[in-house]
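Reader: Hi! Could you walk me through this one? I'd like to start with how the elements are named.

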Amino acid sequence: MRVCLKIFQTYWHVLPIIWIEVEERVREVAATIIGGILYSMAFGGYVMLYSEEIMSLGRKFMIRNRLRVARQRYRRQGAASKHLNQVLQVTSGNSLKSAHFLWLCGLLFMGVSAVGMRSMSGFAALATGFITALLPYFILRVKLEIIRKKSSFEGEAFIGNFLSAYRMSNYNIFEAMEKTGKEKQQTKTCSELMVKILLEIRNTTNPIEIGRISNQFAYMINTNWSKMFAYNIRLAVLSGTNIALALEDILIQLREAKKASEERKRVNSEAARMVKFFIPALYGLSVFMSIRYVGIPIERFIYNQVFTSQGFMLLAASVFLFILNLALVEFVNHQQFDY
């Protein structure tokens, strides 16, 4: 209690200044949020009021350019457009188009920038709008990585089920895809994607479209085994080639990769425990030794650690390196399942 009173008496004169700065910052953030909500409500009301006219105009535009749209289906896409379409296809299915997504990001940029102009400089407002416009893409990327990591561990069971269904179907690739799509107990994500791919493949005979559709599976999981599986699917659909031996080879390599993954977790478990428990305990022990045996008062230690440039820089570097080590350990121990 006496230590807390000494710390409070030492820094009580700084509290009103900090409180005023926090209050001003809260008012600025609240004004920005309220302004953004009002602009969004106004735009939403305008869209709801003239929704029929907007939809009618859109249908007329699509009818006028239907031949151009048909030609664009087989036109080679740019790298950025292709990447965005693949991300949206995996994370949202067909519910969100790339053009609509770009319009959403553009509206966020203009809305946040317009509101920010009232309380910020021009550069700060544009930078805030740009960062806000990128948030939907970052959210999709996080969702994509979660889907990839989850579905990669379904590889062994999924390839085994597909190989069994392929043999029972007398090496008919379409029947095997249909049967595998119904098995969702251990391979929910891969099976759902297989059903989607099967429906799209049955609606086209164009080799380019079939290649694009099969590549969706490889892009969604983004592993070596998924790329090999997608290549074999495309080969079997286009030419009717028997891919049983190729699937057996993929299954064998996945089983070997499972053993290697378990061995990697066992080897790195000691390093993970050292990072999570030993380093914080070591810092706490250094604080105790400094106060108990070196004779530094606790208020003086806190002041040197937090309120001096050298101490704060050392603390910030220690925390940053600790978080970096945690991230590296998690990255090594929780990699995608692959060979």
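Author: Happy to. Helices here are DSSP runs of H or I with at least four residues, numbered from the N terminus. Keep in mind that this is a predicted model.

Reader: Thanks! So where is Asn-222 found?

Author: Asn-222 sits in the loop between helix H11 (207-221) and helix H12 (224-239). Its phi is near 60°, a positive value in a residue other than glycine.

Reader: And is Asn-222 buried, exposed or partly exposed?

Author: Asn-222 counts as partly exposed, at 34% relative accessibility. Asn-170 also has a phi near 60°, and that residue lies in the loop between helix H8 (155-168) and helix H9 (173-182). Asn-170 is exposed, with a relative accessible area of 62%.

Reader: Switching to the inside: how many residues does the largest nonpolar core have?

Author: The largest nonpolar core has 42 residues, and Met-177 is one of those with the most contacts inside it, as are Phe-162 and Trp-225.

Reader: What does Met-177 touch, leaving out residues up to four places away in sequence?

Author: The contacts of Met-177 are Phe-162, Met-194, Ile-197, Leu-198, Ile-201 and Ile-233.

Reader: Last one: which residues form the nonpolar patch on the surface?

Author: Its members include Met-274, Phe-278, Leu-285 and Val-294, and the whole patch has about 900 Å² of accessible area. Leu-285 is in helix H13 (residues 244-294) and is partly exposed, with a relative accessible area of 45%.

Key:
Residues numbered from 1 in each chain as written. Predicted model: local features only at pLDDT ≥ 70, side-chain atom pairs only at ≥ 80, totals over all residues. Heavy atoms only, no water. Patch = residues over 30% accessible without salt bridge, like charges linked within 9 Å, V, L, I, M, F, W, Y side chains within 5 Å. Areas by Shrake-Rupley, 256 points an atom, 1.4 Å probe, with all protein chains shown as cover. Salt bridge = Lys/Arg side-chain N within 4 Å of Asp/Glu carboxyl O. Helix = DSSP H or I, 4+ residues; strand = E, 2+ residues; numbered from the N terminus. Buried < 20%, exposed > 50% of the residue type's maximum accessible area, 1.4 Å probe, protein only. Core = buried A, V, L, I, M, F, W, Y, C linked by side-chain atoms within 4.5 Å. Contact = heavy atoms within 4.5 Å.
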